[in-house]
Amino acid sequence: MTYDFDQLYKEFSARIYKLCLSYSGEKLFADDLHQETWISVWNSLPKFRNESKISTWIYRIAINTCLVGIKKQKNKAENSELILSKLVHEETYDNSKEINRLYECISKLKESERIIITLVLEEKPYEEIAEITGITENNLRVKIHRIKKELQETYMNYGRI
């Protein structure tokens with residue numbers, strides 16, 4: 001089965017962007033991660049072997065891109081661009097404060113928790129989330145419960161930390 005890149009982009013782009021935003025917690029960094037994800041999808045699409053759902057495959061690429069991007073970000077000795085991007089972000093801050101707060105709280109979760117909660121927010125079925133993350137559905141349900149509780153506490157204490 002062959003896939004049309006444009007169609008895949010239209011179908012998954014918004015969801016992949018949210019995933020990138022939840023990883024980065026910053027709009028500009030999420031933009032970069034989103035773009036890198038789709039470049040990887042473009043380059044790898046001819047090699048896709050249909051061994052999983054196309055959505056699962058795209059999510060795995062996005063997650064790997066985010067992990068690599070965050071690792072690179074941490075390794076940068078000079079983070080002046082990051083400081084500048086935060087200032088720009090603050091200046092362009094609009095009425096979506098609550099959404100931004102949620103994504104910032106998500107970005108503070110552990111790596112595996114970010115993956116899971118982002119996929120839950122995307123309303124992915126538990127079966128697919130389990131496949132993407134490589135854990136059982138029963139374990140997934142327990143983790144989701146704990147993540148929601150932690151996220152709620154972080155959200156409620158936002159700004160106090």
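Let me start with a loop. Asparagine 50 sits in the loop between H2 and H3. Helices here are DSSP runs (H or I, at least four residues), strands are E runs of at least two, and both are numbered from the N terminus. Asparagine 50 is not a glycine, yet its phi is positive, about 60 degrees. Most residues other than glycine have a negative phi. Asparagine 50 is partly exposed, with a relative accessible area of 34%. On the cut-offs: buried is under 20% relative accessible area, exposed is over 50%, and partly exposed is in between, with a 1.4 Å probe and protein chains only.

Next loop, between H6 and H7: that is where glutamate 123 is found. Its phi is also positive, near 60 degrees, and glutamate 123 is not a glycine either. Buried or exposed? Glutamate 123 counts as exposed, at 71% relative accessibility.

A word on the model. It is predicted, with local features needing pLDDT of at least 70 and side-chain atom pairs counting only at pLDDT 80 or more, while totals for chains, interfaces and linings use all residues. Residues are numbered from 1 along each chain as its sequence is written, and side-chain values use heavy atoms, with hydrogens and water left out.

Now the overall picture. The protein has eight helices and zero strands. Of its 161 residues, 38% count as buried. Contact means heavy atoms within 4.5 Å. Take the contacts with a separation of 6 or more: residues 24 or more positions apart account for 68% of them.

On to the core. A nonpolar core is a set of buried Ala, Val, Leu, Ile, Met, Phe, Trp, Tyr and Cys residues, joined through side-chain atoms within 4.5 Å. The largest one holds 40 residues. Which members touch the most others? They are Ile16, Trp38, Ile54, Trp57 and Ile58. At least two core residues come from each of H1, H2 (27-44), H3 (54-75), H5 (97-107), H6, H7 (126-133) and H8 (137-156). H3 gives the most, with nine residues. In soluble globular proteins, nonpolar side chains tend to be buried together.

Two helix pairs. First, H1 (residues 5-24) and H6 (residues 111-121): their axes come within 10 Å and cross at roughly 150 degrees. So H1 is roughly antiparallel to H6. Axes are lines fitted to C-alpha atoms, for helices over the stretch in contact, and angles run from 0 to 180 degrees between N-to-C directions. Under 35 degrees counts as roughly parallel, over 145 as roughly antiparallel, 65 to 115 as roughly perpendicular, and the rest as oblique. Lys18, Leu19, Ser22 and Tyr23 of H1 meet Glu111, Arg114, Ile115 and Thr118 of H6. By class, that contact has three nonpolar, two polar and three charged residues. The classes: Ala, Val, Leu, Ile, Met, Phe, Trp, Tyr, Cys and Pro are nonpolar; Asp, Glu, Lys and Arg are charged; the others, Gly among them, are polar.

Second, H7 and H8. Their axes are 9 Å apart and the angle is about 95 degrees. The two are therefore roughly perpendicular. Tyr126, Glu127, Ile129 and Ala130 of H7 make the contact with Glu137, Leu140, Arg141 and Ile144 of H8. That gives five nonpolar, no polar and three charged residues.

Last stop, cysteine 105, in helix H5. Cysteine 105 is buried, at a relative accessible area of 1%. What does cysteine 105 contact, leaving aside neighbours within four places in sequence? Leu151, Thr154, Tyr155 and Tyr158. Leucine 151 is 46 residues from cysteine 105 along the chain, but their C-alpha atoms are separated by 6.7 Å.
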